[in-house]
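Here is a short report for a first look at one chain. Please have the sequence and the 3D view open as you read.

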Amino acid sequence: MAKKIKARAKIKNGLIEVKYKVVHPMETGRRKDKSGQLVAEDYINFIKISKNGKDMFTLVPNSTASKDPYFFFKLKGIKGDAITLSWISNTGEKNSSTTKVK
Amino acid sequence: MNRRSAIKALIGGAIALSSMAPFSVLANFMGKLKADDAINKITGGKHTTSAKLKLKSPKLAENGTQVPVTVDATALIGVQSIFLIVHENIKPVAMRVDFESSDAITFASFRVKMGKPTKVTAIAQTSAGFVTASSQTKVTKGGC
């Protein structure tokens, strides 16, 4: 399953505005599939957002965060800063992506 | 090992410990429990409401699987973390956001699932204690 991270980081009103859409099913463990079987719990439970390698935000979502979680943050910085988001799910899956501030 | 490196090792250990601590705490309130119990577990029962903490959630959400919520704590001083509690969900604590740096603006916007019409509470952990703000959201189609 392709679990992409869509990111956009732009300077607006002197601050970096970061928007993230992490493609992930975020299964709560309560949904049933077509055959009536419960779909196993599978959700992101740890996210780290850093700027130039320095930690900025740590997020701990529960399974009640929406499917394909979307985040919007503001931080101080300049054009060209590298913003990285990395996540870990409860199943141990990991992914990360880095974007340059435009 | 000289004195300087010993101190460094000590500090390093302390940092590693403090960054590990939230997980053991989290396990206590991320699960299935009543919203008020979750709030008490986070705040230790002591919290004040303030208009400085702004929580924006829609009055009416058509689709309970994608409800946008914005927490703005920029008017508060010394904010370390934000918690979002959706009262009627089986797992009420939806999100915890920690602000690790002074470069991080104490503002967060994200989407959560809501099972049914519910009260939503944001908790901000500041250096002076816990501050809360609540709002009500109606959900026409549940998404939990």
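## Contacts and fold of chain B

In chain B, take the contacts with a separation of 6 or more: residues 24 or more positions apart account for 66% of them. The model is predicted.

Chain B holds two helices and nine strands. Read from the N terminus, the order is α-α-β-β-β-β-β-β-β-β-β.

## Burial and surface

Chain B has 144 residues, and 44% of them are buried. The chain exposes about 7,700 Å². Carbon and sulfur atoms supply 57% of that area.

## Nonpolar cores

In soluble globular proteins, nonpolar side chains tend to be buried together. Here the largest nonpolar core has 49 residues. Within this core, A:Phe57 and B:Leu84 touch the most other members.

Leaving aside residues up to four places away in sequence, B:Leu84 touches B:Leu55, B:Val69, B:Val71, B:Pro92, B:Val93, B:Ala94, B:Met95, B:Phe110, B:Val112, B:Val120, B:Thr121 and B:Ala122. Another core, of 13 residues, lies apart from the largest one. Among its residues are A:Phe46, B:Phe29, B:Ala38 and B:Ile42.

## Two domains

The domain assignment divides chain B into domain 1 (1-32) and domain 2 (33-139). Seven residues from domain 1 of chain B and nine residues from domain 2 of chain B take part in the contact.

Between these two domains of chain B, about 810 Å² is buried. Carbon and sulfur atoms give 71% of this buried area.

Definitions and conventions
Residues numbered from 1 in each chain as written. Chains lettered and ligands numbered in written order. Predicted model: local features only at pLDDT ≥ 70, side-chain atom pairs only at ≥ 80, totals over all residues. Heavy atoms only, no water. Helix = DSSP H or I, 4+ residues; strand = E, 2+ residues; numbered from the N terminus. Buried < 20%, exposed > 50% of the residue type's maximum accessible area, 1.4 Å probe, protein only. Contact = heavy atoms within 4.5 Å. Areas by Shrake-Rupley, 256 points an atom, 1.4 Å probe, with all protein chains shown as cover. Core = buried A, V, L, I, M, F, W, Y, C linked by side-chain atoms within 4.5 Å. Domains from an automatic or database assignment. Buried area = accessible area lost by both parts, 1.4 Å probe.
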